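Please open the structure in your viewer and keep the selection tool at hand. The tour below goes from stop to stop, telling you what to select next and what is found there.

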Amino acid sequence: MISAVFTAILKSGREEFNAQYALAKKQFPALEAEAFSNFLQATVDPLVATVHSTNPEAAGPVAQAAYEVGLELVAQRLVGAQARHPWIQQLWDEVLPVAEQHVTAAPREVIGALSNAAHQLGSVPGARPRDWLALLTHVAPLSDSAGSFLKAGQVAAWRCGLAHYRESALAVADTLPPALALAALTVPGKVNGDPASHFAESPAPDTATWPEIRQRLQDERWTRGLGNNGRNHSGRSDPSAPRLMRRTGAFRGFGGLFPEPPRLVVAQDQLYVRSGNDGWLLTADAFGATFHRATLEELAAARPQIPQVPAGVEVPEDIGPVTSVARLDHTVAITGALTHAVLLYAVPGHGGEEGDEP
Amino acid sequence: MALRDLFQRLSQAPTNPHTAPVSRQFDVADLYRGPVSDTAATGTGGGLPLDEKLRQAYFWIVNTAIISPHYDVEYNTEPPRSFVLGDSKSRLTLPSSQSYSSFVLLPLLTFATRRKCLFIGGPGRGKTASALLMGVLGGYPVREVRRAMLHGHPQMTIADLLGNPLPADLVNAQDIKDIRIAWRGWLDMRVKIIDEYNRIPTRTQSALLTVMGDNYAEIMDHIHECPEAAWFLTANDDQGGGTYQVIEALRDRIDVVVQALAFNPRFLSDLVTRIEERIRPEEVVPKQIIFTETEIDRLQDEIRTVALPVQVRRRLEFFTSQFEFCEVAGEQFEYKTKDTARLAGVEWATLTARDTGRDKIKDLGCQTRNGLSVRALMTIIHYAKAIAYFRGNPEVELEDLRQILPFVLFDKLVQDVDAPFFESPGNTAFRSDRVGWLRRVFDLSCAEYDRLNLDRDDPVAQLASEFRLGLDGVAESEVASRLVRIERLITDWARGNKLYGHLYDDMLKLKYLHQRYTNYLRWLKSR
């Protein structure tokens with residue numbers, strides 16, 4: 001049962017809403033009226049009702065935007081029962097009502113942008129969309145405008161595993177007030193029941209520490225820059241040796257990318273991974289590791305390095321004989337004959353102290 | 001350089017240069033791009049370059065809003081494939097480059113340049129719907145565009161067109177200045193639409209002319225200034241088949257004429273879907289392609305910066321020269337024009353009968369009853385720049401000129417349907433196909449231009465460019481020498497006997513230069 005408010009809005013713009021649906025149906029013939037109706041009822045209606053309760057005048061534009069975006073999402077089966085992942089739906093159910101002030105300020109931009117971001121985080125292996133949604137909920141009341149809220153969302157996305165956005169996310173963080181930038185990188189409480197969550201139970205850092213944290217994030221690829229989330233650095237066995245930070249990548253048969261154990265090559269100070277006839281660019285830091293399909297030109301320019309394990313690197317026995325090694329200023333990467341994963345080590349001086357590892 | 005240095009010198013250039021792939025960069029702004037269109041990343045299209053936005057608008061209209069587009073503005077990067085069909089040897093060409101539908105492109109360029117476009121064609125072919133779309137692109141809600149659209153009818157008064165004096169003021173006012181006027185809302189629109197303008201009575205047309213021509217409305221000594229606007233007019237029949245004959249001045253104010261071509265029944269299924277799904281394109285125009293007032297201002301500025309190269313300009317000059325000249329219309333050289341005969345009311349048949357022994361098929365001027373006005377030339381230049389801008393080019397190409405010209409000159413260059421050219425085999429269809437005819441005339445003009453080798457050998461252009469450098473400091477002997485060159489050139493050309501339009505204009509230009517040099521020489525001698 002749709003609320004009276006939403007019913008009235010739908011009635012008042014009936015022709016336009018119907019025309020939009022018809023146009024979407026033309027573009028996406030598989031669009032099902034029932035699925036869209038369910039989405040309007042279960043997801044859009046509560047959002048409109050929430051907005052109406054605090055700002056009745058904004059309910060119309062929010063309903064219009066939610067209808068437009070929802071139509072595209074349902075048509076592409078990105079929400080509802082047939083959705084590939086639950087994160088966009090959770091965004092609408094849990095975050096948008098909390099971020100109501102920003103949704104009201106720029107409905108189409110906020111709803112559309114966040115839906116796209118949730119889709120991206122849900123589609124990148126190893127990213128942590130649940131953490132990102134929690135961060136959005138956290139930063140929404142701290143943001144003074146829809147623009148700063150969206151920027152904080154970008155920084156948070158980097159924090160939640162999208163390592164390839166590292167440089168530009170740091171630049172975006174510079175445009176935010178320190179408290180908001182820190183909030184986008186920290187969650188005060190661990191996300192319950194999510195083993196992938198990186199958030200530690202620590203108090204929010206003092207905003208005065210932001211310049212120092214910002215500098216560490218810039219200089220040290222493998223630090224989280226947040227005082228190691230309250231942990232100390234004691235217990236480090238050999239601080240001069242590279243430290244294993246992450247195993248990333250998996251066999252295609254188990255949902256990963258690689259048809260056979262990968263090999264590493266390097267070009268333009270970037271790591272590339274070859275497996276079978278395919279190749280990927282690998283970006284990694286303390287917050288995550290992501291693979292991006294490499295172009296033929298990139299692969300042609302990439303060269304293998306001598307597979308000599310640097311001194312001090314502890315190679316786990318289970319990977320078998322080392323098949324390739326790649327050394328960058330901040331990272332050592334190793335592959336083995338018995339694994340489809342790439343092992344990533346932090347070079348000393350680039351973070352990777354106790355507590356920075358996953 | 002010491003021998004030792006020679007041996008120690010290293011090549012500054014790379015020994016085996018390869019293009020290094022650029023290190024891949026990622027932008028966190030991409031986080032907000034994805035399956036949902038029109039997000040913060042694209043905003044309302046504000047971040048797009050305006051030429052791209054214009055192209056997006058074009059392709060949205062062509063692909064979504066209209067059914068059955070005709071690609072009659074053809075561009076080719078390599079020779080196109082063409083096929084000859086039927087008894088009349090009709091030629092079907094498959095363009096090798098991106099080509100466009102004039103019915104969409106011309107209105108869009110009109111919108112971008114804020115000029116005036118007339119849609120013609122039978123009823124129910126989408127003329128009004130296309131005009132409506134332009135209003136929506138201008139940022140107006142559909143309802144507002146519909147309400148502001150003027151519908152021509154035989155009883156339309158000036159008050160219907162412009163507004164009414166307030167009745168209370170009419171009774172109480174002591175002075176005409178005290179009478180307030182309720183101006184019609186459409187006057188303030190930046191996109192003005194007049195449906196069936198040829199049904200408006202002649203007197204009301206005159207009031208409309210003031211608004212179209214001078215951008216203001218006047219009632220009882222009160223003036224209402226209108227904003228600069230794009231105008232879209234429709235007519236079921238442009239040949240005087242409306243209720244009233246359209247006054248010539250009003251027709252002359254129209255910049256381009258676009259014909260709504262027939263519906264291709266092969267696209268009937270799209271029509272069925274549209275009916276079943278109740279789609280009205282004007283109601284679902286994407287926000288990204290809606291232009292703000294500032295953006296349209298900027299569009300105009302950017303279009304003006306598109307260059308018109310000299311080579312292209314010369315072709316336009318040569319083409320224009322073909323038409324105004326009429327050897328028998330006057331005795332004095334300057335008055336040998338079709339306009340002289342027209343102003344004197346000389347019958348056209350009498351005039352053509354007296355014409356000299358020129359080759360009436362080869363002489364392009366024999367195909368028309370008039371020449372080109374300055375306004376028409378300015379319009380051609382505006383639209384040529386606009387289409388080049390639309391195609392993303394910094395300067396106008398000859399093909400831009402060729403494609404745009406027929407739509408500007410559609411009703412400005414009046415055919416002499418009795419001219420021998422139209423009797424020739426293969427040319428009779430040009431009596432009804434004015435777009436095709438104008439393109440053919442332009443092609444013939446360019447062929448003649450090439451035959452005369454004017455790109456390389458144009459003595460008038462050389463003399464003109466010399467003159468443009470200025471007269472300051474030019475010595476008496478140099479001036480005398482230039483005068484001799486001018487006179488010698490005229491003497492050479494006079495030996496050719498026949499006088500054609502382009503020669504006539506060249507002669508007048510030479511006379512102008514001669515006069516300027518003569519005056520200067522006289523001044524030099526008098527010092």
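## A guided tour

Begin in chain B by selecting B:Phe111 and B:Phe291, both of which are buried. Bear in mind from the start that the model is predicted.

With these two side chains on screen, look at how the rings are placed: B:Phe111 and B:Phe291 form an edge-to-face aromatic pair, with 5.6 Å from centre to centre and 65 degrees between the planes. Now colour the chain by its helices, and you will find B:Phe111 in helix α3 (residues 102-113) of chain B, while B:Phe291 lies in the loop between α10 (268-277) and α11 (293-304) of chain B, so the pair ties together parts that are 180 residues apart in sequence.

Stay in chain B and select B:Tyr58, B:Phe59, B:Tyr75, B:Tyr100 and B:Phe390, which together form one aromatic cluster. Over all chains, the count of aromatic pairs comes to 28.

Next, show the whole of chain B, where you can trace 20 helices and 11 strands. Its C-alpha trace spans about 85 × 75 × 65 Å along the principal axes, and of its 527 residues 46% are buried. If you consider the contacts in chain B with a separation of 6 or more, 76% of them are accounted for by residues 24 or more positions apart.

Then move to chain A, which has 13 helices and 8 strands. Chain A has 358 residues, and 56% of them count as buried. Among the contacts in chain A with a separation of 6 or more, residues 24 or more positions apart account for 65%.

For a pair of helices, select residues 87-98 of chain A, which make up helix α5, together with residues 129-139 of chain A, which make up helix α8; their axes come within 9 Å and cross at roughly 15 degrees. Angles under 35 degrees count as roughly parallel, and α5(A) and α8(A) are therefore roughly parallel to each other.

Which residues of α5(A) and α8(A) meet? On the side of α5(A), select A:Trp87, A:Gln90, A:Leu91, A:Val95 and A:Val98, and on the side of α8(A), select A:Pro129, A:Arg130, A:Trp132, A:Leu133, A:Leu136 and A:Thr137. The residues of this contact between α5(A) and α8(A) divide into 8 nonpolar, 2 polar and 1 charged.

Another aromatic pair can be found by selecting A:Phe251 and A:Phe254, whose arrangement is edge-to-face, with 5.5 Å from centre to centre and 90 degrees between the planes.

For the last stop, select A:Arg303, which is placed in the loop between α13 (296-301) and β6 (322-327) of chain A. A:Arg303 is exposed, because its relative accessible area is 51% and exposed means over 50%. Finally, draw a distance from A:Arg303 to A:Gln268, which is 35 residues away in sequence and 10 Å away in space, C-alpha to C-alpha.

Notes
Residues are numbered from 1 along each chain as its sequence is written. Chains are lettered from A and ligands numbered from 1 in the order in which they are written. This is a predicted model: local features need pLDDT of at least 70, side-chain atom pairs count only at pLDDT 80 or more; totals for chains, interfaces and linings use all residues. Side-chain values use heavy atoms; hydrogens and water are left out. Axes are lines fitted to C-alpha atoms, for helices over the stretch in contact, and angles run from 0 to 180 degrees between N-to-C directions. Helices (H or I, at least four residues) and strands (E, at least two) are DSSP runs, numbered from the N terminus. Angles under 35 degrees count as roughly parallel, over 145 as roughly antiparallel, 65 to 115 as roughly perpendicular and the rest as oblique. Contact means heavy atoms within 4.5 Å. Ala, Val, Leu, Ile, Met, Phe, Trp, Tyr, Cys and Pro count as nonpolar, Asp, Glu, Lys and Arg as charged, and the others, Gly among them, as polar. Rings of Phe, Tyr and Trp (its six-membered ring) pair if their centres lie within 6.5 Å; planes under 30 degrees apart count as stacked, over 60 as edge-to-face and the rest as tilted. Buried means under 20% relative accessible area, exposed over 50%, partly exposed in between (1.4 Å probe, protein chains only).
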